[in-house]
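Please read these notes with the model open beside them. They cover a sheet, the helices on it, and some ring contacts.

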Amino acid sequence: MSLILFAFVVRVRDGLPLSASTDFEHNRELQERKHQLRTISKSLAHFPDWGTVKGQQLHIHFTSSEGVSYLSVCHRSLPVAKAFCFLEDLRWEFTARFDSTVVALAARPYPFLEFDSTIQKLKQQYNQSGGPALEVTLAEVQEDLKIRPPQVINLDEVELTNGITNGHAEQSPAAGKNQRLEPVTPPGILSLVLNIMCASLNVIRGVHLIENTFQDDYEGIWNVGAFFLAFICCVFQCHLYLFHSSQKKLKSFSLLIIIVLCNLYLLGLRNAWQLVFHVVVASLSTFLILTRKLQHRTDDCGV
């Protein structure tokens, strides 16, 4: 059984992947740990040089040095000292082959794929012999771990640091701009068309009513305001459906309530069928706004 299953090298300042081991295992927990490596890599600048994220059967260990971090997914039966010894050997091999300037100037993911062969040799060495080639290396790492024990990282805290919505925190508006919603559905297109129709009817009636208002000493000014307020709400409903926004539920229900109140206020200028039409369209738009979810992106650390 392999004790070291995956290795990952990233740049600390921005989490840019530099190299990774090529693996073809389909272990479900291993795939989860690979995805978690991406999350961890984005927060390495906030963590100490040594760290561990514990899982059920597989643990993640990482160490950072000179702006580069070395991460591995290991079986829990592998002693912590040997896991960090593997990362230390990985660090020595990487720094011997790649200058810090080249690492700093890297602009695209995985610029050092050729380092995979070195990772595979180290993995094979540790998985077959159970440890490093030199016992002195293991002794030094054990001594360092006694002086500076690795920090045990809670993955939920990592996700909160990254600003990733994980059920415990609301996503910030700034982060929402980078999120993509699921594709527009046929009912969504229908609701947009109907909403635009309602908005047009509101603004046309409002403009026509302005002429009568001027002639009647502004007696219908509140009716004009209700038409234009309903128009603005229809436009905002279209925007909420098309683009991601924070506090979407609060905004969508607020718009629906305002549209209903505006149409109730205009009951004397609209018959019951017109009122029902506007309220039904607003309700349909609200339902589709709330049911349109964010499109999930899957980040795969494997190559």
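**Notes on the sheet and the rings**

1. Strand 1 (residues 4-11) and strand 5 (residues 68-75) pair in the antiparallel sense over seven bridges. Strands pair if DSSP finds at least two bridges between them; strands (E, at least two residues) and helices (H or I, at least four) are DSSP runs, numbered from the N terminus. F6 has V73 in strand 5 as its bridge partner.

2. This is a predicted model, in which local features need pLDDT of at least 70 and side-chain atom pairs count only at pLDDT 80 or more, while totals for chains, interfaces and linings use all residues. Residues are numbered from 1 along each chain as its sequence is written, and side-chain values use heavy atoms, with hydrogens and water left out.

3. The open sheet has six strands in the order 2-1-5-4-3-6, with mixed pairing. Strand 2 (17-20) and strand 6 (151-152) are the edge strands, each pairing on one side only.

4. The structure holds ten aromatic pairs (Phe, Tyr or Trp rings, using the six-membered ring of Trp, with centres within 6.5 Å; planes under 30 degrees apart are stacked, over 60 edge-to-face, the rest tilted). One of them, F47 with F62, is tilted, at 6.1 Å centre to centre and 40 degrees between the planes. F47 lies in the loop between helix 1 (28-41) and strand 3, and F62 in strand 4, 15 residues apart.

5. Is F62 buried or exposed? F62 is buried because its relative accessible area is 0% (buried is under 20%, exposed over 50%, partly exposed in between, with a 1.4 Å probe and protein chains only).
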